[in-house]
Amino acid sequence: MIVVGLTGGIGAGKSTVSKLLAERGAAIVDADKIARELQDPGTPVLAAMAERFGGGIINDDGTLNRAAVAEIVFSDKQALKDLNGIVHPAMQAEIQRQIDQNVDTDRLVVLDFPLLGENPRKGLAATIVVDIPYELAVQRVVEQRGMDEVDARNRVSSQMDREDRLKIATHMVDNTGDLVDLVAAVDRLWDELIVLPATVPAQAGGPAEEPANEIDRSGEAVWIFGYGSLVGPESMARTIGRVAVHKVDFFQADLAGYGRRWNYGVMHFAGQWKREDGVDIVDGTIVALGVVESADETVNGVVAAVTGDELGNLDRRERYYDRVDVTDLITVLDDDGGTVDGVVYTYVPRLASIVAYETARDNGTAGIRRSYWDQVDAAFAAFSTEQVERYRASTPDPDIPVVDVLAARER
């Protein structure tokens, strides 16, 4: 197989080029299609998006309200960055799976990825950029997608600059003309691509896909035991900024001497929801999982190796928890995991967070966000039926309701 990348800004006509290549026999790995499927109702990705952007992005039938997401992220660069951090780790895994399906063929495999410039992928035989000028892109978005000009400019401006995108190109397709011109350009491109050297499969030790941001193993390793949302690779990736790989630097594990509890009042967020008795909660306390010392209990979860910078990111995220050393209490469960080398930490809720939960519980203003509840359940289920059953059995039923948070804001 020959693996190439295809990218281009909104309005450039990348999807048309992708279809023309498919007509000529290419296998298309469509990142946008993968992203949509990962955001189907009930998926961990959709749950994480609702947690970050609020329940308003979910339609009544449980599907994603893409227009609501677009309104949020395409005028706010930080929001767009957060969205990418949620979606991209799961996408990368599925992209690689689809590429690997062609590993024993001589096909041209086209990775159709609009954010290839922002997220480079190693080992590609070529990088194709479909290019048009900025003003033409705005014009086409207005005409073809029915946007007003302000929205169109926001969408075009939110992406990588045209000049920077062209810097990554090994092949450029100029789409300023009509369809006849584009077909001729793709014909020329096809002839150039099919004579490229075959891509060396990643599993054969070639450069097709190397771990991004590989951990520096010099000195003592640091590991984090996750027992809630951090069990999910997507949630871990959003926090540390890279994908932790199962059975490489991410292992199933047990923590002895601690018990899991719904006891951590999220102090920096206020939620809004409606209780079953009809009461509107407008300043509710969202409750998440914590652990407490308990000699007779064991908590299942994961251990992940992290760098110093990544540990700092975790400390900021878990700023209302205490980080405690649990090295001697950890057992790695994966058959080939063995024992972890170095110190293992976990995060235990501080007293103030527990008091916040108890106060809100007693006032009837505490709730567990349903998206968080589903996200943790799905994270364990992704490993095995046994692990999700252990999680459920070792986690006491909450004494507060699981609620659909309609909106969340910083306190």
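Colleague: At what angle do helix α10 and helix α11 pack?

Modeller: This is a predicted model, to be clear. Helix α10 (residues 233-240) packs on helix α11 (residues 308-317) at about 105°. Their axes are 8 Å apart.

Colleague: What do you call that, then, oblique or roughly perpendicular?

Modeller: Angles of 65 to 115 degrees count as roughly perpendicular, so α10 and α11 fall in that class.

Colleague: Which residues meet there?

Modeller: From α10, Ser235, Thr239 and Ile240. They meet Glu310, Asn313, Leu314 and Arg317 of α11. By class, that contact has two nonpolar, three polar and two charged residues.

Colleague: Now α1 and α9. How far apart are their axes?

Modeller: 10 Å, for α1 (residues 14-23) and α9 (residues 179-193). The angle is about 55°, so the two helices are oblique to each other.

Colleague: Is the crossing left-handed or right-handed?

Modeller: α1 and α9 cross right-handed. On the α1 side, the contact uses Thr16, Val17, Leu20 and Leu21. α9 brings several residues, among them Leu182, Val186 and Trp190.

Colleague: How do the residues of that contact divide by class?

Modeller: For α1 with α9, 10 are nonpolar, one is polar and none is charged.

Colleague: Which residues lie nearest its centre?

Modeller: Ala50, Ile58, Arg370, Ser371 and Asp404, out of 20 lining residues. The lining of this second largest pocket divides into 10 nonpolar, six polar and four charged.

Technical notes:
Residues numbered from 1 in each chain as written. Predicted model: local features only at pLDDT ≥ 70, side-chain atom pairs only at ≥ 80, totals over all residues. Heavy atoms only, no water. 1 Å grid on protein atoms, 1.4 Å probe; cavity = no way out; pocket = protein on both sides within 12 Å on 5 of 7 lines; lining within 4 Å. Nonpolar A, V, L, I, M, F, W, Y, C, P; charged D, E, K, R; others polar. Axes fitted to C-alpha atoms, helices over the stretch in contact; angles between N-to-C directions. Helix = DSSP H or I, 4+ residues; strand = E, 2+ residues; numbered from the N terminus. Parallel < 35°, antiparallel > 145°, perpendicular 65-115°, else oblique. Left-handed = near helix turned anticlockwise from the far one by under 90°. Contact = heavy atoms within 4.5 Å.
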